[in-house]
Amino acid sequence: MVRIIDTTLRDAHQSLLATRFKTEDMVPILEKLDRAGFYSLEVWGGATFDVAIRYLREDPWERLRTIRENVKKTKLQMLLRGQNLVGYRHYPDDVVVKFVELAYKNGIDIFRIFDALNDSRNLVTSIKKAKSIGAIVQGAICYTISPIHTIDYYMKYAEELVALEVDMITIKDMAGILDPYTAYTLVSELKSRFKIPVNVHTHTTSGMAVATYVKSVEAGADFIDTAISPLAFGTAQPGIQSVYFSLREDLRPKIDLEVISEISEYLEDVITKKYSKLLTLKALMPDHNVLIHQIPGGMVTNLIAQLRDLKAEHRLKEVLAEVPKTREDLGWPPLVTPLSQIVGTQAVLNVLLGRYKVIAKEVMEYVAGYYGKPPGKINPEIRERVLKNMKEIQSRPADILEPELDKCYEEVSKMDIPLTDENIVTYCLFPDVAKDFFREYYGEYMKKIRELEVEAMIGYSQ
(Lines give C-alpha, C1' and ligand atoms only; values in the text may rest on other atoms or scores of the structure.)
Protein backbone atom coordinates (compact mmCIF):
# COMPACT_ATOMS: atom_id res chain seq x y z
CA MET A 1 0.00 0.00 0.00
CA VAL A 2 1.42 3.36 -1.07
CA ARG A 3 1.12 6.54 0.99
CA ILE A 4 0.30 9.98 -0.41
CA ILE A 5 2.07 13.31 -0.10
CA ASP A 6 -0.39 16.04 -1.05
CA THR A 7 1.07 19.03 -2.93
CA THR A 8 -2.10 21.12 -3.34
CA LEU A 9 -0.93 23.99 -1.13
CA ARG A 10 2.59 24.27 -2.57
CA ASP A 11 3.70 22.74 -5.87
CA ALA A 12 0.22 22.46 -7.37
CA HIS A 13 -0.65 26.14 -7.17
CA GLN A 14 2.96 27.07 -7.91
CA SER A 15 2.64 25.14 -11.16
CA LEU A 16 -0.87 26.25 -12.14
CA LEU A 17 -1.56 29.61 -10.44
CA ALA A 18 1.89 31.20 -10.50
CA THR A 19 2.10 30.57 -6.72
CA ARG A 20 -0.61 33.15 -6.08
CA PHE A 21 -2.96 31.09 -3.87
CA LYS A 22 -3.49 33.16 -0.73
CA THR A 23 -3.40 31.94 2.85
CA GLU A 24 -6.94 33.16 3.50
CA ASP A 25 -8.17 30.77 0.80
CA MET A 26 -6.23 27.84 2.26
CA VAL A 27 -7.64 28.12 5.78
CA PRO A 28 -11.18 26.81 5.03
CA ILE A 29 -9.84 23.41 3.86
CA LEU A 30 -6.98 22.85 6.32
CA GLU A 31 -9.04 20.82 8.78
CA LYS A 32 -10.33 18.62 5.94
CA LEU A 33 -6.85 18.12 4.52
CA ASP A 34 -5.79 17.04 8.00
CA ARG A 35 -8.34 14.20 8.09
CA ALA A 36 -8.13 13.10 4.44
CA GLY A 37 -5.55 10.42 5.26
CA PHE A 38 -2.43 11.89 3.63
CA TYR A 39 1.01 10.98 4.94
CA SER A 40 2.05 14.62 4.71
CA LEU A 41 1.10 17.96 3.18
CA GLU A 42 3.67 19.91 1.19
CA VAL A 43 2.73 23.47 2.14
CA TRP A 44 5.89 25.61 2.07
CA GLY A 45 9.17 26.24 0.30
CA GLY A 46 9.94 26.42 -3.37
CA ALA A 47 8.73 29.75 -4.75
CA THR A 48 6.06 30.28 -2.07
CA PHE A 49 8.37 32.27 0.21
CA ASP A 50 9.52 34.70 -2.47
CA VAL A 51 6.05 35.19 -4.00
CA ALA A 52 4.46 35.74 -0.58
CA ILE A 53 6.61 38.75 0.24
CA ARG A 54 7.11 40.02 -3.33
CA TYR A 55 3.57 39.89 -4.68
CA LEU A 56 1.04 38.78 -2.07
CA ARG A 57 2.48 40.91 0.76
CA GLU A 58 1.98 37.99 3.14
CA ASP A 59 4.43 36.88 5.79
CA PRO A 60 5.46 33.34 4.79
CA TRP A 61 6.30 32.51 8.40
CA GLU A 62 2.80 33.53 9.45
CA ARG A 63 1.33 31.34 6.71
CA LEU A 64 3.27 28.37 8.05
CA ARG A 65 2.15 29.04 11.61
CA THR A 66 -1.46 29.38 10.49
CA ILE A 67 -1.34 26.05 8.66
CA ARG A 68 0.33 24.36 11.64
CA GLU A 69 -2.36 25.66 14.00
CA ASN A 70 -5.08 24.12 11.83
CA VAL A 71 -3.35 20.87 10.84
CA LYS A 72 -3.03 18.86 14.05
CA LYS A 73 -2.28 15.30 12.90
CA THR A 74 -0.75 15.29 9.43
CA LYS A 75 2.94 16.02 8.91
CA LEU A 76 3.86 19.26 7.16
CA GLN A 77 6.74 19.39 4.73
CA MET A 78 8.62 21.89 2.61
CA LEU A 79 10.85 21.95 -0.45
CA LEU A 80 14.33 23.28 0.35
CA ARG A 81 16.89 24.06 -2.37
CA GLY A 82 19.90 22.98 -0.33
CA GLN A 83 22.35 25.84 0.08
CA ASN A 84 19.93 28.05 -1.95
CA LEU A 85 17.21 27.56 0.69
CA VAL A 86 14.17 29.26 -0.93
CA GLY A 87 16.20 31.77 -2.91
CA TYR A 88 18.30 31.84 -6.07
CA ARG A 89 21.85 32.04 -4.76
CA HIS A 90 23.98 30.17 -2.27
CA TYR A 91 23.64 31.45 1.27
CA PRO A 92 26.37 31.09 3.92
CA ASP A 93 26.10 28.30 6.45
CA ASP A 94 24.95 30.52 9.32
CA VAL A 95 21.87 31.58 7.33
CA VAL A 96 21.14 27.99 6.25
CA VAL A 97 21.35 26.71 9.83
CA LYS A 98 19.09 29.46 11.19
CA PHE A 99 16.53 29.03 8.39
CA VAL A 100 16.20 25.28 8.96
CA GLU A 101 15.92 25.83 12.71
CA LEU A 102 13.14 28.40 12.28
CA ALA A 103 11.24 26.38 9.68
CA TYR A 104 11.14 23.44 12.08
CA LYS A 105 10.17 25.66 15.00
CA ASN A 106 7.29 27.19 13.03
CA GLY A 107 5.83 23.85 11.95
CA ILE A 108 7.82 21.92 9.33
CA ASP A 109 8.22 18.20 10.11
CA ILE A 110 9.79 17.03 6.83
CA PHE A 111 12.43 18.74 4.71
CA ARG A 112 12.67 17.65 1.09
CA ILE A 113 16.16 18.85 0.23
CA PHE A 114 17.69 18.95 -3.23
CA ASP A 115 20.54 20.55 -5.13
CA ALA A 116 20.02 21.70 -8.70
CA LEU A 117 23.28 20.06 -9.81
CA ASN A 118 22.92 16.92 -7.67
CA ASP A 119 26.08 18.07 -5.90
CA SER A 120 25.80 16.56 -2.43
CA ARG A 121 28.30 19.06 -1.00
CA ASN A 122 25.53 21.66 -1.26
CA LEU A 123 23.24 19.56 0.94
CA VAL A 124 25.51 18.80 3.89
CA THR A 125 24.72 21.83 6.08
CA SER A 126 20.92 21.74 5.68
CA ILE A 127 20.65 17.96 6.09
CA LYS A 128 22.93 17.90 9.12
CA LYS A 129 20.97 20.68 10.83
CA ALA A 130 17.55 19.18 10.03
CA LYS A 131 18.61 15.79 11.39
CA SER A 132 20.08 17.32 14.54
CA ILE A 133 16.77 18.97 15.52
CA GLY A 134 14.68 15.87 14.91
CA ALA A 135 13.18 16.58 11.49
CA ILE A 136 12.60 13.96 8.80
CA VAL A 137 14.78 14.45 5.71
CA GLN A 138 13.95 13.44 2.16
CA GLY A 139 17.10 13.51 0.05
CA ALA A 140 15.98 14.40 -3.46
CA ILE A 141 17.51 13.32 -6.76
CA CYS A 142 16.83 15.82 -9.55
CA TYR A 143 15.79 13.61 -12.46
CA THR A 144 16.70 14.60 -15.98
CA ILE A 145 17.60 12.93 -19.27
CA SER A 146 20.99 13.30 -20.93
CA PRO A 147 23.87 11.11 -22.11
CA ILE A 148 25.41 11.23 -18.62
CA HIS A 149 22.27 10.82 -16.51
CA THR A 150 22.14 7.04 -16.49
CA ILE A 151 20.78 4.60 -13.92
CA ASP A 152 24.34 4.18 -12.62
CA TYR A 153 24.64 7.96 -12.23
CA TYR A 154 21.49 8.07 -10.12
CA MET A 155 22.55 5.10 -7.99
CA LYS A 156 25.90 6.74 -7.29
CA TYR A 157 24.17 9.93 -6.20
CA ALA A 158 21.69 7.98 -4.08
CA GLU A 159 24.68 6.40 -2.34
CA GLU A 160 25.91 9.89 -1.44
CA LEU A 161 22.49 10.79 -0.05
CA VAL A 162 22.31 7.63 2.02
CA ALA A 163 25.78 8.42 3.39
CA LEU A 164 24.31 11.75 4.60
CA GLU A 165 21.76 9.69 6.58
CA VAL A 166 18.62 10.90 4.85
CA ASP A 167 15.42 9.16 5.96
CA MET A 168 14.10 8.53 2.46
CA ILE A 169 15.00 9.23 -1.15
CA THR A 170 12.78 11.27 -3.46
CA ILE A 171 13.00 10.98 -7.22
CA LYS A 172 12.21 14.57 -8.17
CA ASP A 173 10.99 14.78 -11.76
CA MET A 174 10.35 18.51 -12.09
CA ALA A 175 9.68 18.50 -15.84
CA GLY A 176 7.34 15.49 -15.98
CA ILE A 177 9.65 13.48 -18.24
CA LEU A 178 10.06 10.31 -16.16
CA ASP A 179 8.48 7.52 -18.18
CA PRO A 180 6.75 4.54 -16.50
CA TYR A 181 9.38 1.91 -17.24
CA THR A 182 12.37 4.03 -16.29
CA ALA A 183 10.51 4.82 -13.07
CA TYR A 184 10.01 1.11 -12.44
CA THR A 185 13.73 0.46 -12.95
CA LEU A 186 14.84 3.40 -10.78
CA VAL A 187 12.55 2.52 -7.89
CA SER A 188 13.43 -1.17 -8.07
CA GLU A 189 17.15 -0.43 -8.05
CA LEU A 190 16.89 2.03 -5.16
CA LYS A 191 14.81 -0.37 -3.08
CA SER A 192 17.08 -3.34 -3.68
CA ARG A 193 20.38 -1.52 -3.21
CA PHE A 194 19.65 0.75 -0.25
CA LYS A 195 16.69 -0.68 1.70
CA ILE A 196 15.37 2.84 2.22
CA PRO A 197 11.88 4.31 1.66
CA VAL A 198 11.44 5.79 -1.82
CA ASN A 199 9.18 8.66 -2.84
CA VAL A 200 8.37 9.57 -6.46
CA HIS A 201 7.49 13.12 -7.46
CA THR A 202 6.46 14.03 -11.01
CA HIS A 203 4.32 16.46 -13.00
CA THR A 204 1.66 15.74 -15.62
CA THR A 205 3.33 18.05 -18.14
CA SER A 206 3.96 15.29 -20.71
CA GLY A 207 0.81 13.34 -19.86
CA MET A 208 2.66 10.29 -18.47
CA ALA A 209 2.38 10.92 -14.73
CA VAL A 210 -0.45 8.54 -13.77
CA ALA A 211 1.19 5.66 -15.64
CA THR A 212 4.54 6.58 -14.09
CA TYR A 213 3.01 6.40 -10.63
CA VAL A 214 1.36 3.04 -11.31
CA LYS A 215 4.67 1.49 -12.35
CA SER A 216 6.50 3.21 -9.47
CA VAL A 217 4.09 1.76 -6.93
CA GLU A 218 4.31 -1.68 -8.55
CA ALA A 219 8.10 -1.43 -8.17
CA GLY A 220 7.74 -0.73 -4.45
CA ALA A 221 7.57 3.06 -4.10
CA ASP A 222 6.50 3.90 -0.55
CA PHE A 223 5.23 7.42 -1.31
CA ILE A 224 3.96 9.35 -4.32
CA ASP A 225 2.99 13.02 -4.69
CA THR A 226 -0.49 13.97 -5.87
CA ALA A 227 -2.74 17.04 -5.82
CA ILE A 228 -6.47 17.67 -5.61
CA SER A 229 -8.39 18.84 -8.69
CA PRO A 230 -8.78 21.51 -9.94
CA LEU A 231 -5.25 22.18 -8.66
CA ALA A 232 -4.03 19.04 -10.38
CA PHE A 233 -2.84 17.76 -13.77
CA GLY A 234 -1.29 19.96 -16.44
CA THR A 235 2.04 21.21 -15.17
CA ALA A 236 1.11 20.17 -11.60
CA GLN A 237 0.88 16.70 -10.06
CA PRO A 238 -1.87 14.27 -11.14
CA GLY A 239 -5.13 14.25 -9.19
CA ILE A 240 -5.36 11.83 -6.28
CA GLN A 241 -8.74 10.46 -7.39
CA SER A 242 -7.42 9.40 -10.82
CA VAL A 243 -4.28 7.90 -9.33
CA TYR A 244 -6.26 6.05 -6.66
CA PHE A 245 -8.48 4.24 -9.17
CA SER A 246 -5.56 3.55 -11.53
CA LEU A 247 -3.76 1.51 -8.88
CA ARG A 248 -4.34 -2.15 -8.20
CA GLU A 249 -6.76 -2.45 -5.30
CA ASP A 250 -4.24 -3.91 -2.85
CA LEU A 251 -1.82 -1.03 -3.57
CA ARG A 252 -4.27 1.82 -3.08
CA PRO A 253 -3.68 4.31 -0.23
CA LYS A 254 -6.03 4.56 2.74
CA ILE A 255 -7.58 7.96 2.11
CA ASP A 256 -11.04 9.44 2.55
CA LEU A 257 -12.36 10.12 -0.95
CA GLU A 258 -15.47 11.86 0.38
CA VAL A 259 -13.40 14.44 2.24
CA ILE A 260 -11.20 14.90 -0.83
CA SER A 261 -14.33 15.45 -2.93
CA GLU A 262 -15.44 18.19 -0.52
CA ILE A 263 -12.03 19.85 -0.80
CA SER A 264 -12.24 19.61 -4.58
CA GLU A 265 -15.64 21.33 -4.62
CA TYR A 266 -14.31 24.16 -2.47
CA LEU A 267 -11.24 24.62 -4.68
CA GLU A 268 -13.38 24.73 -7.81
CA ASP A 269 -15.55 27.42 -6.28
CA VAL A 270 -12.74 29.63 -4.97
CA ILE A 271 -10.61 29.31 -8.12
CA THR A 272 -13.58 30.17 -10.34
CA LYS A 273 -14.30 33.27 -8.26
CA LYS A 274 -10.77 34.52 -7.60
CA TYR A 275 -8.07 32.81 -9.67
CA SER A 276 -9.54 31.75 -13.02
CA LYS A 277 -7.51 34.36 -14.94
CA LEU A 278 -4.30 32.69 -13.76
CA LEU A 279 -5.26 29.28 -15.17
CA THR A 280 -4.02 29.07 -18.75
CA LEU A 281 -4.75 26.41 -21.34
CA LYS A 282 -1.02 25.95 -21.91
CA ALA A 283 -0.51 25.02 -18.25
CA LEU A 284 -3.41 22.55 -18.31
CA MET A 285 -2.80 20.75 -21.61
CA PRO A 286 -0.22 17.92 -21.91
CA ASP A 287 2.78 18.91 -24.02
CA HIS A 288 4.78 16.12 -25.65
CA ASN A 289 7.47 18.67 -26.61
CA VAL A 290 8.68 18.65 -23.00
CA LEU A 291 10.19 15.23 -23.74
CA ILE A 292 12.43 16.98 -26.27
CA HIS A 293 13.35 20.29 -24.62
CA GLN A 294 12.79 19.07 -21.00
CA ILE A 295 11.72 22.54 -19.92
CA PRO A 296 9.49 22.62 -16.82
CA GLY A 297 6.23 24.54 -17.15
CA GLY A 298 7.33 27.33 -14.81
CA MET A 299 10.46 27.88 -16.88
CA VAL A 300 8.39 28.29 -20.07
CA THR A 301 6.39 30.99 -18.30
CA ASN A 302 9.62 32.78 -17.33
CA LEU A 303 10.94 32.62 -20.89
CA ILE A 304 7.71 34.10 -22.24
CA ALA A 305 7.94 36.93 -19.69
CA GLN A 306 11.58 37.64 -20.61
CA LEU A 307 10.79 37.72 -24.32
CA ARG A 308 7.71 39.88 -23.78
CA ASP A 309 9.81 42.45 -21.92
CA LEU A 310 12.21 42.47 -24.87
CA LYS A 311 9.32 42.67 -27.38
CA ALA A 312 10.47 39.34 -28.84
CA GLU A 313 7.70 36.95 -27.74
CA HIS A 314 7.39 35.75 -31.35
CA ARG A 315 10.82 34.09 -31.00
CA LEU A 316 9.78 31.67 -28.26
CA LYS A 317 9.99 28.65 -30.56
CA GLU A 318 13.63 29.51 -31.38
CA VAL A 319 14.45 29.86 -27.69
CA LEU A 320 12.84 26.50 -26.85
CA ALA A 321 14.98 24.91 -29.57
CA GLU A 322 18.08 26.65 -28.23
CA VAL A 323 17.65 25.55 -24.59
CA PRO A 324 18.81 21.91 -25.14
CA LYS A 325 21.87 23.14 -27.09
CA THR A 326 22.78 25.61 -24.35
CA ARG A 327 22.24 22.93 -21.73
CA GLU A 328 24.64 20.59 -23.56
CA ASP A 329 27.24 23.37 -23.80
CA LEU A 330 26.99 23.83 -20.04
CA GLY A 331 27.49 20.17 -19.15
CA TRP A 332 23.87 18.97 -19.01
CA PRO A 333 22.64 20.64 -15.79
CA PRO A 334 19.12 19.59 -14.69
CA LEU A 335 16.58 22.30 -15.50
CA VAL A 336 15.46 23.17 -12.00
CA THR A 337 15.75 26.41 -9.99
CA PRO A 338 18.15 28.20 -10.20
CA LEU A 339 19.76 26.39 -13.14
CA SER A 340 16.60 26.52 -15.23
CA GLN A 341 16.62 30.31 -15.05
CA ILE A 342 20.36 30.48 -15.79
CA VAL A 343 20.19 28.21 -18.84
CA GLY A 344 17.00 29.91 -20.03
CA THR A 345 18.48 33.40 -19.82
CA GLN A 346 21.55 32.33 -21.80
CA ALA A 347 19.36 30.67 -24.42
CA VAL A 348 17.43 33.94 -24.83
CA LEU A 349 20.71 35.87 -25.23
CA ASN A 350 21.96 33.32 -27.75
CA VAL A 351 18.84 33.66 -29.91
CA LEU A 352 18.53 37.44 -29.77
CA LEU A 353 22.21 38.45 -29.89
CA GLY A 354 24.03 35.48 -31.41
CA ARG A 355 25.42 32.40 -29.67
CA TYR A 356 27.55 33.44 -26.70
CA LYS A 357 28.15 36.95 -28.05
CA VAL A 358 27.17 37.86 -24.50
CA ILE A 359 27.58 35.45 -21.57
CA ALA A 360 25.30 36.08 -18.61
CA LYS A 361 26.98 36.82 -15.27
CA GLU A 362 25.25 33.81 -13.67
CA VAL A 363 26.51 31.53 -16.45
CA MET A 364 30.05 32.73 -15.83
CA GLU A 365 29.67 31.99 -12.12
CA TYR A 366 28.24 28.55 -12.91
CA VAL A 367 31.13 27.71 -15.24
CA ALA A 368 33.62 28.85 -12.58
CA GLY A 369 32.10 26.47 -10.01
CA TYR A 370 30.17 28.95 -7.85
CA TYR A 371 27.01 26.82 -7.98
CA GLY A 372 28.75 23.48 -7.59
CA LYS A 373 30.20 20.84 -9.85
CA PRO A 374 28.59 20.64 -13.30
CA PRO A 375 27.33 17.11 -14.12
CA GLY A 376 29.27 16.89 -17.39
CA LYS A 377 32.01 18.63 -19.36
CA ILE A 378 31.44 22.26 -20.30
CA ASN A 379 32.11 23.35 -23.88
CA PRO A 380 35.90 24.07 -23.84
CA GLU A 381 35.57 27.36 -25.75
CA ILE A 382 33.02 28.74 -23.29
CA ARG A 383 35.04 27.51 -20.33
CA GLU A 384 38.21 29.16 -21.65
CA ARG A 385 36.44 32.49 -22.23
CA VAL A 386 34.95 32.52 -18.75
CA LEU A 387 38.12 31.53 -16.92
CA LYS A 388 40.08 34.33 -18.55
CA ASN A 389 38.03 36.70 -16.42
CA MET A 390 37.10 34.62 -13.38
CA LYS A 391 38.94 32.37 -10.97
CA GLU A 392 37.66 28.80 -10.92
CA ILE A 393 36.87 27.30 -7.53
CA GLN A 394 37.08 23.61 -6.68
CA SER A 395 35.76 23.80 -3.13
CA ARG A 396 32.20 23.59 -1.85
CA PRO A 397 30.74 26.94 -3.00
CA ALA A 398 29.56 27.95 0.49
CA ASP A 399 33.12 27.66 1.82
CA ILE A 400 34.01 30.99 0.22
CA LEU A 401 31.00 32.84 1.65
CA GLU A 402 31.23 35.14 4.66
CA PRO A 403 28.63 34.80 7.46
CA GLU A 404 25.66 37.15 6.99
CA LEU A 405 23.32 36.79 9.98
CA ASP A 406 24.97 39.46 12.14
CA LYS A 407 24.96 41.96 9.26
CA CYS A 408 21.29 41.24 8.63
CA TYR A 409 20.56 41.73 12.32
CA GLU A 410 22.21 45.15 12.23
CA GLU A 411 20.20 46.20 9.17
CA VAL A 412 16.85 44.97 10.50
CA SER A 413 17.47 46.57 13.90
CA LYS A 414 17.50 49.97 12.14
CA MET A 415 14.01 49.39 10.75
CA ASP A 416 10.79 50.21 12.54
CA ILE A 417 9.62 46.58 12.64
CA PRO A 418 9.65 43.72 15.20
CA LEU A 419 13.21 42.42 15.55
CA THR A 420 12.40 38.71 15.24
CA ASP A 421 14.65 35.91 14.01
CA GLU A 422 12.15 35.30 11.21
CA ASN A 423 12.35 38.90 9.98
CA ILE A 424 16.13 38.82 10.12
CA VAL A 425 16.27 35.67 8.00
CA THR A 426 13.68 37.04 5.55
CA TYR A 427 15.93 40.07 5.08
CA CYS A 428 19.00 37.85 4.58
CA LEU A 429 17.21 35.91 1.85
CA PHE A 430 15.71 38.82 -0.12
CA PRO A 431 17.03 42.14 1.24
CA ASP A 432 15.62 44.49 -1.40
CA VAL A 433 12.22 42.81 -1.61
CA ALA A 434 12.08 42.49 2.18
CA LYS A 435 12.49 46.25 2.68
CA ASP A 436 9.41 46.94 0.55
CA PHE A 437 7.50 44.11 2.17
CA PHE A 438 8.31 45.23 5.72
CA ARG A 439 7.36 48.82 4.91
CA GLU A 440 3.94 47.80 3.65
CA TYR A 441 3.24 44.87 5.98
CA TYR A 442 4.27 46.56 9.20
CA GLY A 443 3.28 50.14 8.40
CA GLU A 444 -0.16 50.09 10.01
CA TYR A 445 0.95 47.56 12.65
CA MET A 446 3.74 49.76 13.99
CA LYS A 447 1.50 52.85 13.86
CA LYS A 448 -1.00 51.11 16.14
CA ILE A 449 1.77 49.95 18.48
CA ARG A 450 3.00 53.53 18.87
CA GLU A 451 -0.55 54.77 19.47
CA LEU A 452 -1.01 52.19 22.23
CA GLU A 453 2.33 53.16 23.77
CA VAL A 454 1.28 56.83 23.81
CA GLU A 455 -2.08 55.94 25.38
CA ALA A 456 -0.30 53.85 28.01
CA MET A 457 2.08 56.69 28.84
CA ILE A 458 -0.82 59.17 29.17
CA GLY A 459 -2.67 56.77 31.40
CA TYR A 460 0.42 56.23 33.52
CA SER A 461 1.03 59.96 33.89
CA GLN A 462 -2.53 60.48 35.09
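**Close-up views of the predicted model**

**View A. Helix α5 (residues 93-105) lies across strands β2, β3 and β4.** Its direction is about 155 degrees to that of β3. The model is a predicted one, in which local features need pLDDT of at least 70, side-chain atom pairs count only at pLDDT 80 or more, and totals for chains, interfaces and linings use all residues. Residues are numbered from 1 along each chain as its sequence is written, and side-chain values use heavy atoms, with hydrogens and water left out. Helix α4 (residues 60-70) lies across β2 (40-45) and β3 (75-80), and runs at about 165 degrees to β2. Helices (H or I, at least four residues) and strands (E, at least two) are DSSP runs, numbered from the N terminus. Contact means heavy atoms within 4.5 Å. Axes are lines fitted to C-alpha atoms, for helices over the stretch in contact, and angles run from 0 to 180 degrees between N-to-C directions.

**View B. A barrel is closed by eight strands with parallel pairing.** The order around the barrel is β1-β2-β3-β4-β5-β6-β7-β8, and from one strand to the next the twist averages 30 degrees. Two strands pair if DSSP finds at least two bridges between them. Strand β1 (residues 3-6) is joined to β8 by four bridges, and the two run parallel; Asp-6 has Thr-226 as its bridge partner in β8. Between β1 and β2, also parallel, there are two bridges, and Ile-5 has its β2 partner in Ser-40.

**View C. Strands β4 (residues 110-113) and β5 (residues 136-142) pair in the parallel sense.** Four bridges make up this pairing. Ile-113 is bridged to Gly-139 in β5. In the loop between β4 and α6 (124-132) is Asn-118, whose phi is near 55 degrees, a positive value in a residue other than glycine. Most residues other than glycine have a negative phi, and most peptide bonds are trans.

**View D. Helices α2 (residues 23-34) and α4 cross at roughly 30 degrees.** Their axes come within 9 Å. The helices α2 and α4 are therefore roughly parallel to each other; angles under 35 degrees count as roughly parallel, over 145 as roughly antiparallel, 65 to 115 as roughly perpendicular and the rest as oblique. The crossing of α2 and α4 is right-handed (left-handed if the near helix is turned anticlockwise from the far one by less than a right angle, right-handed if clockwise). From α2, Thr-23, Met-26, Val-27, Leu-30, Glu-31 and Asp-34 meet Arg-63, Thr-66, Ile-67 and Asn-70 of α4. The residues of this contact comprise four nonpolar, three polar and three charged. Ala, Val, Leu, Ile, Met, Phe, Trp, Tyr, Cys and Pro count as nonpolar, Asp, Glu, Lys and Arg as charged, and the others, Gly among them, as polar.

**View E. Helices α8 (residues 180-194) and α9 (residues 209-218) cross at roughly 25 degrees, their axes coming within 8 Å.** That angle makes α8 roughly parallel to α9. The crossing of α8 and α9 is right-handed. Pro-180, Tyr-181, Ala-183, Tyr-184 and Val-187 of α8 meet Ala-211, Thr-212, Lys-215, Ser-216 and Glu-218 of α9. Six nonpolar, two polar and two charged residues form the contact of α8 with α9.

**View F. Helices α19 (residues 405-413) and α20 (residues 421-429) pack at about 110 degrees.** Their axes are 9 Å apart, and α19 and α20 are therefore roughly perpendicular to each other. On the α19 side Leu-405, Cys-408, Tyr-409, Glu-411 and Val-412 meet Asn-423, Ile-424, Val-425, Tyr-427 and Cys-428 in α20. By class, the contact of α19 with α20 has eight nonpolar residues, one polar and one charged.

**View G. Two prolines follow cis peptide bonds.** Ser-229 is joined to Pro-230 by a cis bond with omega of about 10 degrees; Pro-230 is in the loop between β8 (223-226) and α10 (240-246). From Thr-337 to Pro-338 the bond is cis with omega near 5 degrees, and Pro-338 is in the loop between α15 (316-329) and α16 (339-353).

**View H. Phe-437 and Tyr-441 form a stacked aromatic pair.** The structure holds 17 aromatic pairs. Rings of Phe, Tyr and Trp (its six-membered ring) pair if their centres lie within 6.5 Å; planes under 30 degrees apart count as stacked, over 60 as edge-to-face and the rest as tilted. For Phe-437 and Tyr-441 the centres are 5.0 Å apart, with 25 degrees between the planes. Because they are four residues apart in helix α21 (residues 431-461), Phe-437 and Tyr-441 are separated by about one helical turn.
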